[in-house]
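User: I would like to go through the terms used for this structure. Please set each value against its cut-off.

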Amino acid sequence: MENRAYCGLNCAECDAFKATKNNDDKLRAVTAKNWSAAYNADIKPENINCTGCKSGGIKFSYCSMCKIRACNIGKSIADCSCCAEYPCADETPVITHSRDAKDFLEAKRKTDR
């Protein structure tokens, strides 16, 4: 079974997830550099650790302020495909950026109904 975030992103494709799973400090450094530039943030390699936003383990620092994660937890739903308000303003940037996340959530909505 795929490890998917609440927003539909595939954790197995995430560099933070891969770096954590493989304890890869080189990937952490590259990811920190790339994400710092992409998001105009100061992200350090030691912050590149995540076992997925649904896991009971390590989460990337952004998870503590992620509106999508908080919403799904608050509604006690598996992911955004289960929400009557999908797609909402918070989810739209994710599904605009990631065709895979959009396809996953929309296919899941069809099969869950």
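Analyst: Buried means under 20% relative accessible area, exposed means over 50%, and partly exposed is in between (1.4 Å probe, protein chains only). The model is a predicted one, where local features need pLDDT of at least 70, side-chain atom pairs count only at pLDDT 80 or more, and totals for chains, interfaces and linings use all residues. Residues are numbered from 1 along each chain as its sequence is written, and side-chain values use heavy atoms, with hydrogens and water left out.

User: Why is Asn-23 called exposed?

Analyst: The relative accessible area of Asn-23 is 57%. The cut-off for exposed is over 50%, so Asn-23 is exposed. Asn-23 is in the loop between helix 1 and helix 2; helices (H or I, at least four residues) and strands (E, at least two) are DSSP runs numbered from the N terminus.

User: What is the phi of Asn-23?

Analyst: Phi of Asn-23 is near 45 degrees, which is positive in a residue other than glycine. Ser-76 is not a glycine either, and has a positive phi of about 55 degrees. Ser-76 sits in the loop between helix 3 and helix 4 and counts as exposed at 66% relative accessibility.

User: What makes the contact of Asp-15 and Lys-18 a salt bridge?

Analyst: A salt bridge is a side-chain nitrogen of Lys or Arg within 4 Å of a carboxyl oxygen of Asp or Glu. For Asp-15 and Lys-18 the N to O distance is 3.5 Å, so the pair meets that definition. Both residues lie in helix 1 (residues 15-22), 3 residues apart, about one turn of the helix. Asp-15 counts as partly exposed at 28% relative accessibility, and Lys-18 also counts as partly exposed, at 31%.

User: How many salt bridges does a search of the whole structure find?

Analyst: The search finds 7. Among them is the one between Asp-103 and Arg-99, whose closest N and O atoms are 3.1 Å apart. These two are 4 residues apart in helix 5 (residues 99-112), so about one helical turn separates them. Arg-99 is exposed at 55% relative accessibility, while Asp-103 is partly exposed at 38%.

User: Where do Glu-85 and Lys-75 lie, given that their side chains meet in a salt bridge?

Analyst: The N to O distance in the salt bridge of Glu-85 and Lys-75 is 3.3 Å. The pair links distant parts of the chain, 10 residues apart: Glu-85 is in the loop between helix 3 (67-75) and helix 4 (92-97), and Lys-75 is in helix 3. Glu-85 is exposed, with a relative accessible area of 53%, and Lys-75 counts as partly exposed at 36%.

User: Why is helix 1 called roughly antiparallel to helix 2?

Analyst: Helix 1 and helix 2 (residues 25-39) pack at an angle of about 160 degrees, with their axes 9 Å apart. Axes are lines fitted to C-alpha atoms, for helices over the stretch in contact, and angles run from 0 to 180 degrees between N-to-C directions. Angles under 35 degrees count as roughly parallel, over 145 as roughly antiparallel, 65 to 115 as roughly perpendicular and the rest as oblique. The angle of about 160 degrees is therefore in the roughly antiparallel class.

User: Which residues of helix 2 make the contact with helix 1?

Analyst: On helix 2 they are Leu-27, Arg-28, Thr-31 and Trp-35. Contact means heavy atoms within 4.5 Å.
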